[in-house]
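Student: I have a structure to go through and would like to work from the whole chain down to single residues. Can we take it step by step?

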Amino acid sequence: MAQESPKNSAAEIPVTSNGEVDDSHEHGYNRDLKHSLPSGLGLSETQITSHGFDSTKEGVNEAGAYQGGQRTQTKSGPVILADEIKNPAMEKLELVRKWSLNTYKCTRQIISEKLGRGSRTVDLELEAQIDILRDNKKKYENILKLAQTLSTQLFQMVHTQRQLGDAFADLSLKSLELHEEFGYNADTQKLLAKNGETLLGAINFFIASVNTLVNKTIEDTLMTVKQYESARIEYDAYRTDLEELNLGPRDANTLPKIEQSQHLFQAHKEKYDKMRNDVSIKLKFLEENKVKVLHNQLVLFHNAIAAYFAGNQKQLEQTLKQFHIKLKTPGADAPSWLEEQ
């Protein structure tokens, strides 16, 4: 005889006619709970946990705001980051990778050229101008060095002549029998010292102008030449890569590489053409500036030297006025006692 099993009220789950769980009791419980809560606490701040004996799911359901007797549930999901956000470390790593690849290609190109295996792009006219510029720079540096040596020696001579003139003047006052002789020599040495200072001012002006031409103007042009040579090496390196890929087979794997190589080659070709044009323009302006500067400085140097050794003091002073050279009087750079205060 079949006996009816006792029923546990906790295990009873109401089921509707379509097989779904009837949660009307739970809604009623929530309504009763809302009325029993204090006025400051809403139903949306509560959490209701339901346990089903016949269900494998157990979790926490967050109740939304109570609107018109119904409950709206807020759904949460994984946060999706935008693709535009990039990792700085990955960007630096990519830059290092590109730099390493470019350095490898350029180093291989340089070694190939030195061993006579690789070809290089040559602009004969531009290369000749660059060689002349470098050779002239060495010669101008030698002139600058010799002029600085002359200035140092002349300064020592002028200093000695001034001391000698002071000594003669002192003896002229103390030796009555040789007063005139010592006086003539004192005046001569002081005049030579004065003319020497004038010549020294002209030589120092010549040195400053040539130094600016050599170590600033020409050096700036040579820096552009170095950038041009680096662009030429990069251009030849990527040109060689493109030629090697074009000689190989063409299939689905090599075609993307050929297109990428063609793009890089075109970019470096444009850079090379731009740098070559910049070098040509700078060499042209440098030549015009060099002729103008050296013409004036060589005329100054010649006139000053000739007037000094001819003893023509007026011509020497006129030469300095012609080139707007102002001599520094001894102690002119020293600050006054008011400025020191």
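Tutor: Start with a term: two residues are in contact when they have heavy atoms within 4.5 Å. Keep in mind that this is a predicted model.

Student: Of the contacts in the chain with a separation of 6 or more, what share comes from residues 24 or more positions apart?

Tutor: The count takes the contacts with a separation of 6 or more and asks which of them join residues 24 or more positions apart. Their share is 70%.

Student: How many helices and strands does the chain have, and in what order do they run?

Tutor: The secondary structure comes to seven helices and four strands. Read from the N terminus on, the order is α-β-β-β-β-α-α-α-α-α-α.

Student: What percentage of the residues in the chain is buried?

Tutor: The chain has 341 residues. A residue counts as buried under 20% relative accessible area. The buried ones make up 26%.

Student: Are α3 and α5 roughly parallel or roughly antiparallel?

Tutor: Helix α3, residues 124–174, packs against α5 with the axes 12 Å apart. The angle is about 30°, and α3 passes α5 in a left-handed crossing. Angles under 35 degrees count as roughly parallel, so the two helices are roughly parallel.

Student: Which residues make the contact of α3 with α5, and how do they divide?

Tutor: On the α3 side they include Leu-126, Ile-130, Leu-133 and Tyr-140. On the α5 side they include Val-279, Leu-283, Leu-286 and Phe-301. The residues of this contact divide into two charged, three polar and 13 nonpolar.

Student: How is α2 oriented to α4?

Tutor: The axes of α2 and α4 come within 9 Å and cross at roughly 90°. Angles of 65 to 115 degrees count as roughly perpendicular, so α2 is, relative to α4, roughly perpendicular.

Student: Which residues meet there, and how do they divide?

Tutor: From α2 they include Lys-105, Arg-108 and Ile-110, and from α4 they include Asp-236, Ala-237, Tyr-238 and Asp-241. The residues of this contact divide into three polar, five nonpolar and seven charged.

Student: Is Lys-105 buried or exposed?

Tutor: Lys-105 lies in helix α2, residues 88–115. Its relative accessibility is 14%, and the cut-off for buried is under 20%. Lys-105 therefore counts as buried.

Student: Which residue has a side chain joined to that of Lys-105 by a polar contact?

Tutor: Apart from its neighbours within four places in sequence, Lys-105 is in contact with Ala-237, Tyr-238 and Asp-241. The polar contact between side chains has a length of 2.4 Å, and the partner of Lys-105 in it is Asp-241.

Student: What is the separation of the C-alpha atoms of Ile-110 and Asp-236?

Tutor: Ile-110 also lies in helix α2 and is partly exposed, with a relative accessible area of 32%. Ile-110 and Asp-236 are 126 residues apart along the chain. Their C-alpha atoms are separated by 9.6 Å.

Methods. Residues numbered from 1 in each chain as written. Predicted model: local features only at pLDDT ≥ 70, side-chain atom pairs only at ≥ 80, totals over all residues. Heavy atoms only, no water. Buried < 20%, exposed > 50% of the residue type's maximum accessible area, 1.4 Å probe, protein only. Polar contact = N/O pair within 3.5 Å; in protein donor to acceptor, adjacent residues only side chain to side chain. Axes fitted to C-alpha atoms, helices over the stretch in contact; angles between N-to-C directions. Parallel < 35°, antiparallel > 145°, perpendicular 65-115°, else oblique. Nonpolar A, V, L, I, M, F, W, Y, C, P; charged D, E, K, R; others polar. Left-handed = near helix turned anticlockwise from the far one by under 90°.
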